[in-house]
Amino acid sequence: MDSQSYVIESSSIKSSSEKRTYDVVIVGAGAAGICAALSAAAKGAEVLLLEQDSALGGSSSLSAGQIYMGGGTGLQESCGQDDTPEDMRDYLLRSAVSPACVDKILLYAEESKEHFDWLVEQGLEFDPSFLGVEKGNRPKGVEGLSYTGSEHAFPHREFSPPVPRGHNVKAPGRSGEQMMRLLGLTLAKSDVLVESCTSAEKLIVANGKVAGVLCRQGEESSAFYCRNGVILATGGFQHNRQMLEKYCPEYLRCFPLGGEHENGSGLLMAQAVGGLLMNMDQASVLLPFGEPRELVKGILLDKKGRRYINEELYQAEHGRIAIEKDEPIYLLLDSSVTADPEFPFPKVFESESLIELEKLAEFDAGILRHTIRVYNQYAETGRDPVFRKGEQWVVPLNEPPFRLYDLSCNSTPYPFFTVGGVATSVDGQVLGEDGSCIAGLYAVGRCSVGLPTPGYSSGMSIADATYFGRRAGSKAATSKLP
Ligand SMILES: Cc1cc2nc3c(=O)[nH]c(=O)nc-3n(C[C@H](O)[C@H](O)[C@H](O)COP(=O)(O)OP(=O)(O)OC[C@H]3O[C@@H](n4cnc5c(N)ncnc54)[C@H](O)[C@@H]3O)c2cc1C
């Protein structure tokens, strides 16, 4: 990964390359890039949006279209759910894994309510209905609001009142696709110029500043220059094997989410001009065992047959801990729980007897029986004093046959996406090693670091991409390069 491959001096560009100049040039037309473009254009800037694919939307259009918003949004109010910026801030700070972007968390908690209004102005729709916590994180119907994190689970519920903040875009089919379709319609009505099938390959620098991007358009090379700045909105790097090997090899055994364009091109371009990469070992990794929600009545066991976690926590917290543990993990159910996991975790053992199950799973003799005895003793009264699982999920597991599912990542790779990226100010300006801004360069969405950390709640990535994309667009629109 030679940094020279991603940067070129303006004076070295062949005169045969076509040359065009705009106020703001944005690379990547996912949620972050489109929101940056809309807000830059709203400030009166001449904006060019470049997209390597023939269609706009990126991984954002493949997503579930959940957006983490709160602090008292219109949708929360319509659903009778009280929230404040302070409660949202406390949850975000507590659930984030260090080192988190605290300045971004504080600002987003403060402004999230207003961001909801902005997204509605851009055409997004949310049904004023609420999916109860007992029904899970992801609506099968049109419910606009749901819990998408661990707000309701111990220990989080002790520190800030549990409030649902997952805003689900109303859609006939996949919400992410609809979200990007609606943003695309608003984009089409704006003055933003779009060039698709255009792949950015190098940042152009002139006089020590970022002055544009050199792109490939089919066989042609085209140079697009900017008066104000270039905004990189190219997504993460989970599809770049070389970068995973270098920064976070533990995720090589996981399943990379999103389109193959999430190959780190934006990060490499930013790094080539001195941009600082941060939290490159971090990812949002999901252990999706809790769908259907009834499965939370089961218990999770480590390789010795001991319980190790509150099963009610959100799947990203399960994923993070499972990757750290890096050992076999099982889900134990009895016949009172009839559902099977939706995610294809294999059922590996089934038996009428716990003694036999201990042998089959090679747990030390007596450990599983002890685990179940202690769990059932308290479950008779609906309590879980050990991990404090919510009482609606605590029922005795005493109806054979018992079955064990193998939840190990090595048997069924967990889905993940990277959350490390380019360090930026709250306005998306790319920061160098010394903390100063790199003139003319911005980064947003998953090619930057922002709200998402391994302590992820669903919706944080699109929240971050849309909100900080917007801010970077405004900033770049109003900041001429000297
Ligand atoms: C199945 C699935 C479900 C998900 N569900 C949710 C959810 O409900 N809520 C949530 O918050 N997150 C969710 N995520 C994660 C989330 O979708 C992404 O992290 C987020 O959409 C990233 O937005 P982005 O704008 O940064 O990148 P993208 O949406 O990926 O956009 C990047 C764009 O840049 C283009 N591009 C890349 N490199 C170049 C280049 N060199 N030149 C030109 N163009 C380039 C790409 O083609 C792409 O269009 C989900 C992801 C998946 C895959």
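**Exercise 1.** How far from an oxygen atom of the ligand does a backbone N or O atom of A32 lie?

*Solution.* Before we start, note that this is a predicted model, where local features need pLDDT of at least 70 and side-chain atom pairs count only at pLDDT 80 or more, while totals for chains, interfaces and linings use all residues. Residues are numbered from 1 along each chain as its sequence is written, and side-chain values use heavy atoms, leaving out hydrogens and water.

Step 1: the A32 backbone atom lies 3.0 Å from the ligand oxygen.
Step 2: at S265, a polar side-chain atom lies 3.2 Å from a ligand nitrogen atom.

**Exercise 2.** Find which element gives the most to the shell around the ligand.

*Solution.* Step 1: list the elements that give two or more residues: α1 (31–42), β9 (199–206) and α12 (460–477). Helices here are DSSP runs of H or I with at least four residues, and strands are E runs of at least two, numbered from the N terminus.
Step 1: α12 gives the most, with three residues.

**Exercise 3.** Which strands stand at the edges of the open four-stranded sheet?

*Solution.* Step 1: write the order, β4-β7-β6-β5, with mixed pairing; strands pair if DSSP finds at least two bridges between them.
Step 1: β4 (66–68) and β5 (130–131) are the edges; each has a single partner strand, so one side of each lacks a neighbour in the sheet.
Step 2: β5 pairs with β6 (residues 145–146) in the parallel sense over two bridges, and F130 has L145 as its bridge partner in β6.

Terms used:
Polar contact = N/O pair within 3.5 Å; in protein donor to acceptor, adjacent residues only side chain to side chain.
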